[in-house]
Amino acid sequence: MLSAEEAKRLAGEGVPVEAAPGSENRMAFTIQVPVGVVAAISPFNFPLNLVLHKVAPAIAAGNTVVLKPASTTPTTALLLAELFVEAGLPDGVLNVVTGKGSEVGEWLTNDERIQLFTFTGSVEVGLNLKQNTGMKKLVLELGNNSPVIVDHETDVKEAAQVIAAKSYAYAGQVCISVQRVYVDEKIRDEFETELLKAIEGLNVGDPFDDQTDVGPMITIKEAERAEQWVNEAKEKGAKILVGGSRKDNFFEPTVVTNVTQEMKVVCEEVFAPILSLISYNDLDKCLKEVNQSEYGLQGGIFTNNINKAMKAARRMEVGGIMINDASQYRVDLMPYGGVKNSGWGKEGPKYSIKEMTEERLVVMNLK
């Protein structure tokens with residue numbers, strides 16, 4: 001619906017070329033034209049919503065689409081394509097290709113007919129696309145290790161409850177799940193107590209059960225990776241406050257402290273129900289530490305001090321910052337995208353359509 005509405009707003013602007021000497025009889029304006037063929041490569045974690053974030057704006061902008069869904073979740077994309085056909089979408093406008101990402105991705109990057117790639121996934125694959133697609137346009141939504149700051153001027157209990165919910169929902173398999181929590185030393189003990197209470201109240205289990213807060217990870221292999229990262233951190237001196245255990249592809253909600261910037265659970269995208277708890281005593285120094293990350297998708301700060309909130313908004317190197325909320329906030333209409341290794345370009349229907357069109361200048365020489 002949002003993309004359909006934005007399609008009605010595809011407009012250019014008048015360009016006053018007649019103001020230039022010798023152009024008194026000329027009139028100019030711009031129009032937005034489709035780029036042509038869009039290749040959309042989507043991840044497993046939101047197999048409907050994230051597909052629609054690519055397909056709907058592309059079609060609304062007048063493009064055709066080749067969709068490559070994640071190998072682990074192709075069925076949703078295929079069913080969606082059937083619905084588009086039933087709704088009257090002409091043949092050939094939406095084309096779904098399934099298979100291994102490495103094989104299909106290579107085939108797509110070598111096809112000269114494709115004019116734009118929109119990809120959500122790992123930094124490694126995003127970098128490969130950037131290096132191998134030449135002058136083609138790119139929209140990349142890549143990794144993240146979301147930071148959230150908890151200032152002493154806030155409701156500590158509420159902050160702990162929100163962070164617990166938004167660290168472990170979907171087993172942490174969300175690009176903007178809370179991963180690094182920086183807590184003012186003045187409230188460190190109080191926050192830790194409230195956080196552990198909130199985690200104790202989470203239900204781990206079957207995702208089809210409405211009472212479940214934390215479900216399984218996508219594969220046993222990914223759960224084993226998460227377990228390995230926590231064990232590596234522990235071997236290097238980190239302390240596990242809660243969790244840290246795995247059963248099949250279920251990984252317990254985990255809090256790790258005494259961490260360092262070099263540990264994988266801090267500096268890389270964990271994409272698992274793992275949270276690192278870090279103390280700070282100076283907001284300026286905290287923001288510098290936050291910005292040492294190679295990622296910058298979304299972050300957050302809990303504070304009732306407007307000056308601190310705006311300082312974080314100006315200095316935190318992210319594509320979006322949430323005030324008095326955790327990093328895991330997204331609605332479909334907002335601009336969504338990161339800086340540094342977190343990506344290139346913006347999603348959200350209005351912003352995606354802009355990425356998926358070209359501005360063309362029209363100049364009329366009036367007699």
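First, the ground rules. Residues are numbered from 1 along each chain as its sequence is written, and side-chain values use heavy atoms, with hydrogens and water left out. As the model is predicted, local features need pLDDT of at least 70 and side-chain atom pairs count only at pLDDT 80 or more, while totals for chains, interfaces and linings use all residues.

Overall, then. The chain has twelve helices and 18 strands; these are DSSP runs numbered from the N terminus, H or I of at least four residues for helices and E of at least two for strands. The radius of gyration is 23 Å, close to the 21 Å of the globule rule for 367 residues, so the chain is as compact as a globular protein of that length. That radius is taken over C-alpha atoms, and the rule is 2.2 Å times the number of residues to the power 0.38. Along the principal axes, the C-alpha atoms fill a box of roughly 80 × 50 × 35 Å.

Next, the sheet. It is open and mixed, with six strands in the order S5-S4-S3-S6-S7-S17; strands pair if DSSP finds at least two bridges between them. At the edges, pairing on one side only, are S5 (94–96) and S17 (343–344). S5 runs parallel to S4 (residues 64–68) over three bridges, and Val-65 has Leu-94 in S5 as its bridge partner. Helix H4 (residues 101–109) lies across S3 (37–41), S4 and S6 (114–120), at about 155° to S4. Contact here means heavy atoms within 4.5 Å; axes are lines fitted to C-alpha atoms, for helices over the stretch in contact, with angles from 0 to 180 degrees between N-to-C directions.

Now the pockets. On a 1 Å grid over the protein atoms alone, a pocket is an open set of points where a 1.4 Å probe fits, with protein on both sides within 12 Å along at least five of seven lines; lining residues have an atom within 4 Å of a point.

The largest pocket has a volume of about 1,300 Å³, meaning the space filled by probe spheres set on the points. Of its 38 lining residues, those closest to the centre are Phe-119, Thr-120, Gly-121, Ser-122 and Val-125. H4, S6, H5 (123–132) and H8 (220–235) each supply at least two lining residues, and H5 gives the largest share, six.

The second largest pocket is about 390 Å³. It is lined by 16 residues, with Tyr-170, Gln-173, Pro-207, Gly-215 and Pro-216 closest to its centre.
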